[in-house]
Amino acid sequence: MADAPWMVAMTMLPVPPVLFGRLQYEAGTESGAREVFQTLITDLVALQHPAANEVAGPGGGDWGIDTYVGRLDDSVVVWQSKFFLNWKGDDQRDQVRRSFNQLMGKAQANGLTVDAWTLCVPCVLSPDEQKWFDGWSAGRRRKTGVQIVLWNGVRIRRMLMKPDAEDLYRAYFLREGTYAPYEEVKTLDDVSSLGKALFVRQLEEAGHVETDAARGLFFAAEALARDLAAAGNRAGVNALNELHLEVQSLWEAQFNARAPKVDTDGRMAGLVDDVLREAGQCSDPDGLRLRPAHRKGVAHRLVENARAGWVLHWRDVAAGHQGPPAGESIAAHLVAEQPEEVS
């Protein structure tokens, strides 16, 4: 069978100077490309960490943080984006030093712990410059305890070639005109209110002890569905319904393959993880630009609405559940009570 056009495009992904040079060509200016590159890095980080975020402040008021995961009143992992198409020497070294020092100074002044710092550049360093970075980062690591990593153009290109980055590559490098922004991933500060939801009960029945991340993913999808309906966005609602069908078919295939091999408790090893992984990699339906958190949340939403489950006897679990009736999720109130902008 011939490769799909997308697979052909992936095998022909340009080398880093050509690939990332396109960002500056599209943006028209280096400063514009710098902003796009930072957003690209945040989106790449979010594929593995849906809570990835940015901060902004005038005159360097961002504390030296481009992308981060964590809490600014506790501890964070930071990604620093530098749009260096060429790394020539002293200038780039100085910028790297200043960025790291600024972050560590702000962290010390604000009681913040930095667990790791990743420098992201679209170029590939020469042997001399790579040697400098390796030595500099090792010294900083010994002095500060911060794990320091480099994402160069080769590594970022390789990340863009993964299946779950398909939408990112298409959006940033195969653009024809302006793309709509991603749908916002709404979050809850306290997910304990979802403890009695059916999807949580099903996860517990499958042996999952920790369910906070699942609750957050569910809420992201639930909030999106409520927002689309409240706005009268019929096309968006239909597109989301299409995604539900796609994810349900993924679940069904995985469930049916494991059904003959359940354990004595009706549990199916790897079912939840495999379904969520495949759901996160689903292509967006026409009319919506979603984050992996939305797609994974759809899987939990299907379970909440008694259309899927994580154990062989999932229908019995749903029928005997003492929480809100199917289709009347507890998250309905939570979405309604959220402020217009959820941080």
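## Leu-23 and its surroundings

Leu-23 touches Ala-33, Val-36, Phe-37, Leu-40, Phe-83, Tyr-172 and Phe-173, leaving out residues up to four places away in sequence. Contact here means heavy atoms within 4.5 Å. Leu-23 and Phe-173 are 150 residues apart along the chain, yet 7.4 Å separates their C-alpha atoms.

Leu-23 sits in helix H2, residues 16-27. Helices (H or I, at least four residues) and strands (E, at least two) are DSSP runs, numbered from the N terminus. Leu-23 is buried, with a relative accessible area of 1%. Buried means under 20% relative accessible area, exposed over 50%, and partly exposed in between, with a 1.4 Å probe and protein chains only.

## About the model

This is a predicted model, in which local features need pLDDT of at least 70 and side-chain atom pairs count only at pLDDT 80 or more, while totals for chains, interfaces and linings use all residues. Residues are numbered from 1 along each chain as its sequence is written, and side-chain values use heavy atoms, with hydrogens and water left out.

## The whole protein

The protein has 14 helices and 4 strands. Of its 343 residues, 47% count as buried. Take the contacts in the protein with a separation of 6 or more: 71% of them join residues 24 or more positions apart.

## Thr-42 and its polar contacts

Thr-42 lies in helix H3, residues 30-48. Its relative accessibility is 8%, so Thr-42 counts as buried. The Thr-42 side chain makes polar contacts with two side chains: that of Glu-54 at 2.5 Å and that of Thr-67 at 2.6 Å. A polar contact is a pair of N or O atoms within 3.5 Å; within protein, one must be able to donate a hydrogen and the other to accept it, and residues adjacent in sequence count only if both atoms are side-chain atoms.

Neighbours within four places in sequence aside, Thr-42 is in contact with Ala-52, Glu-54, Asp-66, Thr-67 and Arg-291.

## One face of helix H11

Helix H11 spans residues 271-280, and its buried residues are Leu-271, Val-272, Val-275, Leu-276, Ala-279 and Gly-280. Seen down the axis of H11, these fall within an arc of 150 degrees, so they line one face of the helix. The arc is that of the directions from the helix axis to the C-beta atoms. An α-helix has 3.6 residues a turn, so residues three or four places apart point the same way.

What do the buried residues of H11 pack against? They meet helix H8 (198-205), helix H10 (234-258) and helix H12 (292-304).

## Aromatic rings

The whole structure holds 16 aromatic pairs. One of them joins Phe-84 and Trp-87 edge-to-face, at 5.6 Å centre to centre and 90 degrees between the planes. Rings of Phe, Tyr and Trp (its six-membered ring) pair if their centres lie within 6.5 Å; planes under 30 degrees apart count as stacked, over 60 as edge-to-face and the rest as tilted.

Phe-84 is buried at 6% relative accessible area, and Trp-87 is buried at 9%. Both belong to one aromatic cluster, together with Phe-100, Trp-117, Trp-132, Phe-133 and Trp-136.

## Cysteines

How many disulfides does the whole structure have? A search finds 0. A disulfide is a pair of cysteine sulfur atoms within 2.5 Å. Cys-123 is buried, at 5% relative accessible area. Cys-282 is buried at 8%.
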